[in-house]
Amino acid sequence: QQPLELTRKILRDKQNKKNSGQPIPVFPSWVYDRPALIGDFLNGTSLSTDTTVPIGTLPLASQESMIVEDLLYILIGVDGRYITAQPLMGRQNRAFSVDANLDLSIKELVTRILPVASSYSAVTRFIEEKSSFEYGQVNHALAAAMRTLIKEYMILITQLEHLQRQGLLSLQKLWFYIQPTMRTLEILASLATSVDKGECMGGSTLSLLHDKTFNYTGDSQAQELCLYLTKAASVPYFEILEKWIYRGIINDPYSEFMVEEHELQKEKIQEDYNDKYWDQRYTVVQQQIPSFLQKMADKILSTGKYLNVVRECGRDVTCPVAKEVIYTLKERAYVEQIEKAYNYASKVLLDFLMEEKGLVAHLSRSIKHYFLMDQGDFFVHFMDLTEEELKKPVDDIVTTRLEALLELALRMSTANTDPFKDDLKIDLMPHDLITQLLRVLAIETKQEKAIISADPTELTLSGLEAFSFDYIVKWPLSLIINRKALTRYQMLFRHMFYCKHVERQLCNVWISNKTAKQFSLHSAKWFAGAFTLRQRMLNFVQNIQYYMMFEVMEPTWHILEKNLKLASNIDDVLSHHTSFLDNCLKDCMLTNPELLKIFSKLMSVCVMFTNCMQRFTQSMKLDNEMDRLTLEHGTMLGPPTGEERAEETAKKQLTNKLLAEHADNLHLTSGFEAAINKFDSNFSTHLLDLLDKLSIYSTNDCEHSMLNIIYRLDFNGFYTERLEHMSAERSQKAAPLLPRL
């Protein structure tokens, strides 16, 4: 008895842990303390104590009469005078001891009948044990169906007893009448033993019953019996299934169903990059899938999940094609019903997200405009307004001021028509883009802990390097635009935003250089070198931007839009959206830390060059000098005279000469030419390195879209010769490593 009590306690604790708010009921202890209630044999209650006459001394007819009476007792779980049940050892079948003095002919027939009593004993024990609350509704239903059959068996024994009292029941007749029941009880006992051994509950019990039913295909009587039991046992399981696939509700107090619910908060999907709400809120429990529903398990899971999302938005959903699911050996019946429920659930959720919640509008009108920099005039306004603020270190930036400037830029541009513009927020990241990328790439790898525990970047980030947008997404859209997707959008945005900043800086240099061109500098040669380098940098940055926006994002976005129109369920939408982001990140070099590091070095060279040029231009104070020396075109006395004009021209010539000499001196003293040459050398080295790596990756990994960058940057073959030379050097280094034939 102790092991059974222990088993029940373990099951009860497990189920109460899952259903914390609703503990399962328990039978009172006296149900288990009174063995006479069980209906099985009781040890030490044999009737043999009344025996006064040894059976061997009786005539054969009397022996048969006494044994028939004993057998009728034994067949209902009560010890007889000459036949007694032996104590059970573990889960073995019940054995009996027959009086040794019994006539051999009678004894032979008795040993043939006793397996019925053994089967009855096993089935009775099974029914009593599995009727406890802890074993679940499927086992309860199976035990109830078996109890119905045992009741029929009891009626048969009662009828036999009636015959025996009339003196019409011989041992042979008993053997004849018990024949059909013998097979039935044998099957029941076999099922009971299998369920016990496998410690089956819920779906696993149904799998066992279904497999047994199929195994009896040649034996129609046995198959019909198993079919009856499986149908009865499947009723509570199918009730849970129907609620799940028709309404998206799980009511499973004993943890028997194939779908398990986990307590997860849907709000975290907006905060945690690693949050797996959609994948882990509901999961399939493999051992609880009945074998006849194995093929449909994923669809059953998805159907309920889809309906559950709509329900959590406060809308009650009931499938209009709902029908009762009944167990049958023809699997097609389930498949059709589940398919219909699945199609309905898919359509309900898809329509809800697409039409009622405006998923495509959010993606195309907000996410694409802001994160993929699709709204040109908004970004010009925004960058003009925030330029000074974003130059400061992150710690010195006032976020509320940036938010106010963002609001102003949104209102002043065409973004003002966007109904979701208020969901756009500013996010100042604690890491630079490369660190963020490495942290994302390291997720669920061995390096994850090392990278996460590493200190933030030692260099103080400027506002520009840390700046990113964030977007507020409400449930259920957060299933698609979750934190993982937003982080990817942010990485794309930061990459392009910094490119845009570098381009603006280079354009500012170009503007200041236009002013410098009017002076006749003696060392125009070094200034020309700086102009050429600036133009090469501008060409590089603009081409990279063009490639990312028009050769990566736009075509991939069109594919996404097309796929979203064809999507039949929310999993397709998730898959297409993730695929779009993955392709964008990969083709924009954001999944390859090696390429991104080279690209960052190039950007750094460009920024340092622009700073150097700006400092040089300011040191000459061209604009201020020109403003100070410009003579008014007229005075209160009238327009300037010819003499005044000649004087102004002479002054300008003298100023230009002085400024040119000043610029030349500056160039000589500050080593400006050497600095420009160094910038040129660094830029060319890194650019060639980037092009070389791109050609290697595009060849080895079949990432052919990256070749477009090479074609754009090397449109006239300027770098081809150097790249071929680098490739030849690599081949020569690799050659000695090859084994000789």
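Author: One term before we go on: a nonpolar core is a set of buried Ala, Val, Leu, Ile, Met, Phe, Trp, Tyr and Cys residues joined through side-chain atoms within 4.5 Å. Also, keep in mind that this is a predicted model.

Reader: Okay, so which residues touch the most other members of the largest nonpolar core?
Author: Those are Phe371, Phe378, Phe469 and Phe540, in a core of 106 residues. Helix 19 (residues 524–566) gives the most to this core, 14 residues in total.

Reader: And where does this core lie relative to domain 2 and domain 3?
Author: Between them, because domain 2 (235–356) and domain 3 (360–613) both contribute residues to it. Another core, of 85 residues, lies apart from it and includes Ala143, Tyr153, Tyr246 and Leu293.

Reader: Back to Phe469. What does Phe469 touch?
Author: Leaving out residues up to four places away in sequence, its contacts include Tyr370, Phe371, Phe378, Leu406, Asp427 and Phe493.

Reader: Is strand 6 buried or exposed?
Author: Buried: 5 of the 5 residues of strand 6 (residues 467–471) are, so the strand is largely enclosed by the rest of the structure. Phe467, Phe469 and Tyr471 are buried on one side, and Ser468 and Asp470 are buried on the other. In a regular strand, side chains alternate between the two faces of the sheet.

Reader: How many bridges join strand 5 to strand 6?
Author: There are 5, and strand 5 (residues 424–428) runs antiparallel to strand 6. Within that pairing, Asp427 stands opposite Ser468.

Reader: Switching topic: where is His501 found?
Author: His501 is in helix 18 (residues 483–516).

Reader: Why does His501 count as buried?
Author: Because its relative accessibility is 10%, and buried means under 20%. His501 touches Met383 and Leu464, again not counting residues up to four places away in sequence.

Reader: What about cysteines, how many disulfides are there?
Author: The count comes to 0. Cys226 is buried, at 0% relative accessible area, while Cys507 counts as partly exposed at 27%.

Reader: Last one: which loop is Glu199 in?
Author: Glu199 sits in the loop between helix 6 (171–198) and helix 7 (203–215). Its phi is positive, about 50°, although Glu199 is not a glycine. At 67% relative accessibility, Glu199 counts as exposed. Ser255 also has a positive phi, near 55°, and is in the loop between helix 8 (220–247) and strand 3 (259–261).

Note on methods
Residues numbered from 1 in each chain as written. Predicted model: local features only at pLDDT ≥ 70, side-chain atom pairs only at ≥ 80, totals over all residues. Heavy atoms only, no water. Buried < 20%, exposed > 50% of the residue type's maximum accessible area, 1.4 Å probe, protein only. Helix = DSSP H or I, 4+ residues; strand = E, 2+ residues; numbered from the N terminus. Domains from an automatic or database assignment. Contact = heavy atoms within 4.5 Å. Disulfide = S-S within 2.5 Å. Pairing = 2+ DSSP bridges.
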